[in-house]
Amino acid sequence: MLPYDQVAVVILNYNGKHFLEQFLDSVIQNSNNARIIIADNASTDGSVEWLSKNQPSVEVIVLDKNYGFTGGYNRALAQVESKYFVLLNSDIEVPENWLAPMLELMESDGRIAACQPKIKLFSEKQYFEHAGAAGGFIDYMGYPFCRGRIMHTLEEDKGQYDDTREIFWATGACLFIQSKLYHQMEGLDERFFAHMEEIDLCWRLKSAGYKIMTVGNSEVYHVGGGTLSRDNPKKTYLNFRNGLFLLFKNLPTKHLLPSIFIRMVLDGIAGIRFLFKSEMANFLAVIKSHRDFYLSLRYLICQRKKIPEKRLFFDQVYKRLIVSEYFLKSRKKFSDLQDIESLK
């Protein structure tokens, strides 16, 4: 029998009572006897009170303030003893048997650090969803993309990604991970606050010799954009800043300076585009992201030193620029990308 009692499904909540009302029942009913835990980031919308009244069997960890996605999970998971953690977004509906394929895979190989199911769009369940789709990859400029999602183009699920295979990163929207490795890696980097933090964690795990997998016979349904919309200047800031954090922490030295330089040039072009579109808040967010990258260099250097140079992982980094593939060559699907075979 699969050890569901060794799995803790931990949902981080911040003013998401409406999502808990809508989706928590599906998690409780379809997770066998896995532990269900809500970690609350000091919500002010009555989430904790609603849980106490309506879901008294669910464990609740109440944090004293909003620590963001990274800090919230780190503090909550420090209080949870379990062989496996599942970091699950509050805006996800889970179907029957979503957990078993992932647990079975994790139990089969101790070198698998983490995995994810297929992430589908809640509103149109035949399509993949932006945050993870059927497994994540990254190019040498730090731009993430997925099987089933390139930039903002979503593929319809026609069974093309029903396989279980190795990927570069698994989504933080539904991340199944060995708890001991989560703690050994010191969890999510709290400087990221939110966005791309799971890519950083997966990259560090791969540098330590572990595998990240996607499980093609498990799927969940994600609303997406529940905290910050795509055009929110704060999200723009986090994505641009954290992209630089990600590269600086994890790239091998010979690739580091060229990649950082080119990435900053591309960021500048994106900033000018925001300016011409009269999106002044997003333009300023790009400027602020670069400023804060420079201000964080001492911290990033210390974090980078924790990974020996010889172990810095680069094998599954896509060696072409995904922005160029998408916008200049109109390659909208994962299978259309040039040299994608090298990642398979």
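## Overall fold

Of the 344 residues in the chain of this predicted model, 57% are buried, meaning that their relative accessible area is under 20% with a 1.4 Å probe and protein chains only. The secondary structure comprises eleven helices and 13 strands, taken as DSSP runs of H or I with at least four residues for helices and of E with at least two for strands, numbered from the N terminus. The radius of gyration, 19 Å, is close to the 20 Å that the globule rule gives for 344 residues, so the chain is as compact as a globular protein of that length; the radius is taken over C-alpha atoms, and the rule is 2.2 Å times the number of residues to the power 0.38.

## Helix 7 and helix 10

The axes of helix 7 (residues 233-250) and helix 10 (residues 297-304) come within 8 Å and cross at roughly 40°, where axes are lines fitted to C-alpha atoms over the stretch in contact and angles run from 0 to 180 degrees between N-to-C directions. The two helices are therefore oblique to each other, the class left once angles under 35 degrees (roughly parallel), over 145 (roughly antiparallel) and 65 to 115 (roughly perpendicular) are set aside.

Helix 7 contributes F245, F248, K249 and N250 to the contact, and helix 10 contributes L297, L300, I301, Q303 and R304, contact meaning heavy atoms within 4.5 Å.

## Basis of the values

Residues are numbered from 1 along each chain as its sequence is written, and side-chain values use heavy atoms, leaving out hydrogens and water. Because the model is predicted, local features need pLDDT of at least 70 and side-chain atom pairs count only at pLDDT 80 or more, whereas totals for chains, interfaces and linings use all residues.

How values were computed: Buried means under 20% relative accessible area, exposed over 50%, partly exposed in between (1.4 Å probe, protein chains only).
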